[in-house]
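Visitor: I have a model open and would like to learn how to read it. Could we start with the aromatic rings?

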Amino acid sequence: MSLASGATTRRTTTEELATTEELTTTEELKTTKGLKTSEGLATTKGLKTTEELATTEERSAPATGTTSASTEEPAAVLPLRPARPRPPRASVLPLVLRAVLTGAIKSAAIVALLLAWELAPRFGLVDRTFLPPFSEVADAWWGLVANGQLEDNAQASLVRSFSGFGIAVAVSVPLGLLIGWYRPVADLLNPLLQVFLNTAALALLPVFVLLLGIGETSKISIVVYACAWPILFNTISAVRTVDPTLLRLAKSMDLSAPRLFQKVILPASVPTIFTGIRLAGAVSIVVLVAAEMIGAKAGLGYLINASQYNFAIPQMYAGIVTISVIGVAFNQLLVAVEKRLSSWRVPATN
């Protein structure tokens with residue numbers, strides 16, 4: 001009797017322990033799954049909520065209510081960060097309208113001038129013989145383009161003008177930097193340079209023709225002479241008027257003289273130097289046209305002079321308009337180069 005009762009007692013104890021462990025395991029699983037919030041589960045891709053998981057688990061569990069020991073707990077899935085809404089792209093239409101408005105404002109004065117030029121001869125305000133309407137000048141300009149005269153003369157003028165201008169820049173900028181860097185040299189040469197600056201280039205044109213002839217050399221030389229002085233004086237002024245604070249800061253860092261010139265003086269001088277270069281660009285075209293009116297066989301100056309003698313007034317104005325357009329385009333090119341070289345400057349704000 002004692003052996004049977006002992007065996008029965010062991011079986012009861014074993015069943016109770018198994019039942020207790022199964023209940024504990026079930027409660028721990030339920031507790032672990034209950035920790036997941038509905039928001040984290042809803043954020044994942046197509047995962048079921050806690051209640052659905054519990055219902056599915058009850059259906060798939062054995063009839064005895066116990067859970068198999070080999071059942072693995074599903075891995076916890078971190079909630080995904082919600083995607084940020086993309087900022088709306090700027091519409092292209094406002095940018096186009098703004099560009100059109102800016103262009104209209106900048107060209108309003110030119111359009112008004114052309115309109116007055118067109119209407120004044122037609123209404124008899126000026127003599128149409130000496131100032132034809134702009135439409136007739138445009139027709140004459142197109143005729144010169146069609147027969148090749150405008151291209152040939154413009155090419156001859158541009159070669160002479162750019163050659164003289166380039167030589168003047170190549171000579172005057174280094175010389176101006178050198179004179180401006182050494183103050184005693186600048187003080188010594190300043191009176192002589194003032195004399196040459198105030199001597200008009202066109203007044204020396206007969207001298208250049210007598211010394212160099214009426215060929216290309218005299219015309220390019222007169223352009224070099226006219227362009228050199230504005231560039232030279234602006235370069236000297238740029239070097240001598242560098243901000244003293246920048247020089248003191250550079251010297252406090254023990255920069256050598258070449259490094260000081262390269263890192264401080266030269267960048268600070270660029271805006272003033274380009275002021276002289278832009279003035280020289282305008283002078284180069286004006287002086288060349290005047291030089292081409294004397295003893296030249298090609299060029300815009302020759303075209304204007306020949307049209308005047310032949311009383312082809314629309315062709316004469318067409319040459320003048322061409323010179324104006326070339327001058328404006330050349331100036332805009334120099335402005336773009338200046339902005340490129342002085343991009344370190346902070347733009348002024350209102």
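Guide: Ring pairs join Phe196, Phe208, Tyr225 and Trp229 into a cluster. Keep in mind that the model is predicted.

Visitor: How is a pair of rings described?

Guide: A pair of aromatic rings is described by how far apart the centres are and by the angle of the planes. Take Tyr225 and Trp229: the distance is 5.8 Å centre to centre, with 80° between the planes, and the pair is edge-to-face.

Visitor: Where do Tyr225 and Trp229 lie?

Guide: Both are in helix α10, residues 216-240, and they are 4 residues apart, about one turn of the helix.

Visitor: Is Tyr225 buried or exposed?

Guide: Buried means under 20% relative accessible area. Tyr225 has 13% relative accessibility, so Tyr225 counts as buried. Trp229, at 14%, counts as buried too.

Visitor: How many aromatic pairs does a search of the whole structure find?

Guide: The search finds 8 aromatic pairs. One of them is formed by Phe130 and Phe311, with ring centres 6.4 Å apart. Their planes stand at 85°, which is why this pair is edge-to-face.

Visitor: Which parts of the chain does the pair of Phe130 and Phe311 link?

Guide: The pair links distant parts, 181 residues apart. Phe130 is in the loop between α5 (108-122) and α6 (134-147), while Phe311 is in the loop between α13 (300-309) and α14 (313-341). Phe311 is exposed, with a relative accessible area of 51%. Phe311 also has a positive phi of about 60°, although it is not a glycine.

Visitor: Let us turn to a helix. What is the reach of α5 from its first C-alpha to its last?

Guide: Helix α5 has 15 residues and a reach of 21 Å, close to the 21 Å expected at 1.5 Å a residue. After α5 comes Gly124, which has a positive phi, near 80°.

Visitor: Which residues of α5 are buried, and what do they pack against?

Guide: The buried ones are Trp117, Glu118, Ala120 and Pro121. They pack against α6 and α14.

Visitor: How does one look for pockets?

Guide: A probe the size of a water molecule is rolled over the atoms, and this shows where empty space is left. In this structure the second largest pocket has a volume of about 250 Å³. Its lining includes Ile110, Leu113, Leu114, Trp117 and Phe134. Val321, Ser324, Val325 and Val328 also belong to the lining. The elements that give two or more residues to this lining are α5 and α14.

Visitor: Now a single residue. What surrounds Ser172?

Guide: Start with its place, which is in helix α7, residues 149-181. Ser172 has 4% relative accessibility, so it counts as buried. Leaving out residues up to four places away in sequence, Ser172 touches Ala228, Ile231, Leu232 and Thr235. Its side chain also reaches the backbone oxygen of Ala228, at 3.2 Å.

Visitor: What does Leu260 touch?

Guide: With residues up to four places away in sequence again not counted, Leu260 touches Trp181, Leu247, Ala250, Lys251, Leu255 and Ile265. Leu260 lies in helix α12, residues 257-292. Leu260 is buried, with a relative accessible area of 8%. Leu260 and Ala250 are 10 residues apart along the chain, and 6.7 Å separates their C-alpha atoms.

Definitions and conventions. Residues are numbered from 1 along each chain as its sequence is written. This is a predicted model: local features need pLDDT of at least 70, side-chain atom pairs count only at pLDDT 80 or more; totals for chains, interfaces and linings use all residues. Side-chain values use heavy atoms; hydrogens and water are left out. Rings of Phe, Tyr and Trp (its six-membered ring) pair if their centres lie within 6.5 Å; planes under 30 degrees apart count as stacked, over 60 as edge-to-face and the rest as tilted. Buried means under 20% relative accessible area, exposed over 50%, partly exposed in between (1.4 Å probe, protein chains only). The expected span of a helix is 1.5 Å times one less than its number of residues. Contact means heavy atoms within 4.5 Å. A polar contact is a pair of N or O atoms within 3.5 Å; within protein, one must be able to donate a hydrogen and the other to accept it, and residues adjacent in sequence count only if both atoms are side-chain atoms. On a 1 Å grid over the protein atoms alone, a cavity is a set of points where a 1.4 Å probe fits but cannot get out, and a pocket is an open set with protein on both sides within 12 Å along at least five of seven lines; lining residues have an atom within 4 Å of a point. Grid points are joined across faces, edges and corners, and a volume is the space filled by probe spheres set on the points.
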